[in-house]
Amino acid sequence: MAEPTDATPWVPDSRELEDLESAAHECRGCELWQPATQVVFSSGDRSARIMLVGEQPGDQEDRAGEPFVGPAGRVLDEALTEAGIAREAAYLTNAVKHFRFEQRGKRRIHAKPEVRHVGACRPWLDAELEAVSPGVVVALGATAARAVLERPVKIGEVRGTVLDEAGPPDRPRPPVVVTTHPSAVLRLRGRDGYDEAFAGLVDDLRLAAPFA
């Protein structure tokens, strides 16, 4: 029997979010489940009109089992407030559901997921899009944009616009807004450029707000 190349064998037919999350804990579609503490699936409910897709859970998210609860999540919360979007009205998830990291002593250092990891997790994102049917998707960072649009994306070339790409016939895609990941903004805190980077994130979220 061939080894699985993605999460398809573990994704249930159900599009109830509780069923999807429960099944995701058993996913073995790639190797990242082994060192991670747990799967980090999503936060929010199927009535949400805006879906926010990040790259992958970080250290704190891996321990808590919930997306965007660490420092970058707090930056996102501030930006959502500035943009007039209630976090409770959004569905938050990641392109990759397990934390990829390098162990350095007692510290776990974020390691960017590979393209194959994004592809392996794509069936979960497809199922979430079907379950929630959002009015708009905000891709936070290049990895998330690649997962959502299914092609390489340069943020600087597409941000500031609403992308209306239909997607495959069997997987219709809502409008997409691509912006930077909050962690990239966080890295500038206390330095020149932070205010501009934060304002850019807020502006991109405001583009999505009318669809929410």
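Q: R122: buried or exposed?
A: R122 is buried, with a relative accessible area of 13%. Buried means under 20% and exposed over 50%, with partly exposed in between (1.4 Å probe, protein chains only).

Q: What sort of model is this?
A: It is predicted: local features need pLDDT of at least 70, side-chain atom pairs count only at pLDDT 80 or more, and totals for chains, interfaces and linings use all residues. Residues are numbered from 1 along each chain as its sequence is written, and side-chain values use heavy atoms, leaving out hydrogens and water.

Q: Which side chain meets E150 in a salt bridge?
A: That of R122, at 3.6 Å from N to O. A salt bridge puts a side-chain nitrogen of Lys or Arg within 4 Å of a carboxyl oxygen of Asp or Glu.

Q: And what about E165?
A: E165 meets R151 in a salt bridge, 2.6 Å from N to O. They are 14 residues apart, in two loops. Salt bridges with shared partners join R122, D126, E150, R151, E165 and R173 into one network.

Q: How many salt bridges in the structure?
A: 19.

Q: New topic. What should helix α3 span?
A: Its 13 residues, 71-83, should span 18 Å at 1.5 Å a residue. The end C-alpha atoms are 19 Å apart, which agrees. The expected span is 1.5 Å times one less than the number of residues. Helices are DSSP runs (H or I, at least four residues), numbered from the N terminus, and strands are runs of E, at least two.

Q: What follows α3?
A: G84, with a positive phi near 80°.
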